[in-house]
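User: Please walk me through this fold. I will ask about a sheet, a helix and a pocket.

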Amino acid sequence: MIKNLGEKFSKSIGVDLGTSRTLIYIKGKGIVTNEPTVVALNNKTNQILAIGNEAEEMVGKTPSHINAIKPLTNGVISDFEVVEKMLRYFLDQAKGKNFFSRILDWPRLVIGIPTGGTEVEKRAVEDVARSAGAKEVYLVEEPVAAALGDRLSIKESKGILVVDVGGGTTEVAVISLGGIVVAKSLRVAGDKLNEDIIYYFKERFKLAIGEKTAEEIKIFIGSAIDLGSNQETKVRGRDLTRGLPKEIKVKEEEIREAITPSLMKIVDAIKGTIEITPPELLGDIMASGVILSGGTSLLRGFDKLVGDAVDLPVKIIEDPITAVIRGMGVILEDLDSWRDFLITLSREKPPF
Ligand SMILES: Nc1ncnc2c1ncn2[C@@H]1O[C@H](COP(=O)(O)OP(=O)(O)OP(=O)(O)O)[C@@H](O)[C@H]1O
Ligand SMILES: [Mg+2]
């Protein structure tokens, strides 16, 4: 009875701690959190003022004593303390209001890591999960989770090429027998495209624009190839020569010009990964093509750009922003059968 009760209230949980967004999945329940990875801090008192959606609203609009920060840079924790507080907040929220749920901790937590991470970076992810209340922590490489999110049977000896283009990193990985055979990780993804747009406006139009505006432009008229749509949009910013507000019109092809060098870096990483893939797996990949996940795969024409460059069919996973967390859901629903495929870091025993 006690055991049953314990199982009822002890929840296994998955966390996709992304540079742009944090998603949480509870076993048996599904995705319960999908919010920006942003925290607003009072930099005089270090007090947290807002987290997630509420903090995102403040980006670029804060008075001098408030700082809206993104505590992950290129998929890696850059501010441990803030990530810990943010995660604890999201996990507490996910517990719900039920008294029994609130008093219990999370016994098992599966969390994603980029493929190229160092041991120190992996340990930081594990430590943050433990400090936020998890007892057992399992790490899973994000492209593996993304493939699972697409319900691919990754345990077979069949090559699958997954490209996860998120906010901070692009992960290119060939998976076979449930593990990564070859991979490349590069710190060029959606955030870099936003930076490219900001830089382009500064250089070309002498107009200062914020990160949010750059992201809106990218999503609204951004494209990876000429789609013949020739869209335009009005952009407001600060004229750098006069220091006053100014509105200009920008064309789709200008935005494409701004982001193309970064897109080519992503394409080169995909090509580079194919070049080092064992030939036996290439046959499978020729049939299944490139599987795209992550928010940046939604950039218009990106799938076509990749397909033309590598001469393979390309498929964008349905709802690519939730692919990684849905894959963690697949793991959580049958953790015993996946345990061997997950990473658990060996811990040194304390000296006494
Ligand atoms: N329709 C769209 N067109 C272009 N880019 C988009 C679109 N929708 C979302 N994005 C971009 O996707 C990125 C976020 O993707 P995602 O949520 O997969 O990243 P993340 O998992 O938080 O980051 P990472 O995996 O790199 O740590 C952002 O840069 C966002 O601007
Ligand atoms: Mg991601």
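The questions and answers below take these topics in turn.

Analyst: This is a predicted model; local features need pLDDT of at least 70, side-chain atom pairs count only at pLDDT 80 or more, and totals for chains, interfaces and linings use all residues. Residues are numbered from 1 along each chain as its sequence is written, chains are lettered from A and ligands numbered from 1 in the order in which they are written, and side-chain values use heavy atoms, with hydrogens and water left out.

User: Which residue in the turn of the hairpin of strand 12 and strand 13 has a positive phi?

Analyst: Strand 12 (residues 170-176) and strand 13 run antiparallel, joined by 7 bridges. Thr170 has Leu186 as its bridge partner, and Ile175 stands opposite Ile180. The hairpin leaves 2 residues between the strands, and the positive phi, about 50°, belongs to Leu177.

User: How far does helix 7 reach from its first C-alpha to its last?

Analyst: Helix 7 (residues 190-205) has 16 residues. The expected span is 1.5 Å times one less than the number of residues. That expectation is 22 Å, and helix 7 comes close to it, reaching 22 Å.

User: Which residue just after helix 7 takes a positive phi?

Analyst: Buried residues (under 20% relative accessible area, 1.4 Å probe, protein chains only) of helix 7 include Leu193, Ile197 and Phe201. Their cover includes helix 8 (211-221) and helix 9 (252-275). Just after helix 7, a positive phi of about 50° is taken by Lys206.

User: Which element gives the largest share of the lining of the largest pocket?

Analyst: A pocket is an open set of points on a 1 Å grid over the protein atoms alone, where a 1.4 Å probe fits, with protein on both sides within 12 Å along at least five of seven lines; lining residues have an atom within 4 Å of a point. The largest pocket holds about 890 Å³, as the space filled by probe spheres set on the points. Its lining has 39 residues, with Ser20 and Glu215 among those nearest the centre. The largest share, 6 residues, comes from helix 8.

Notes. Two strands pair if DSSP finds at least two bridges between them. Helices (H or I, at least four residues) and strands (E, at least two) are DSSP runs, numbered from the N terminus. Buried means under 20% relative accessible area, exposed over 50%, partly exposed in between (1.4 Å probe, protein chains only). Contact means heavy atoms within 4.5 Å.
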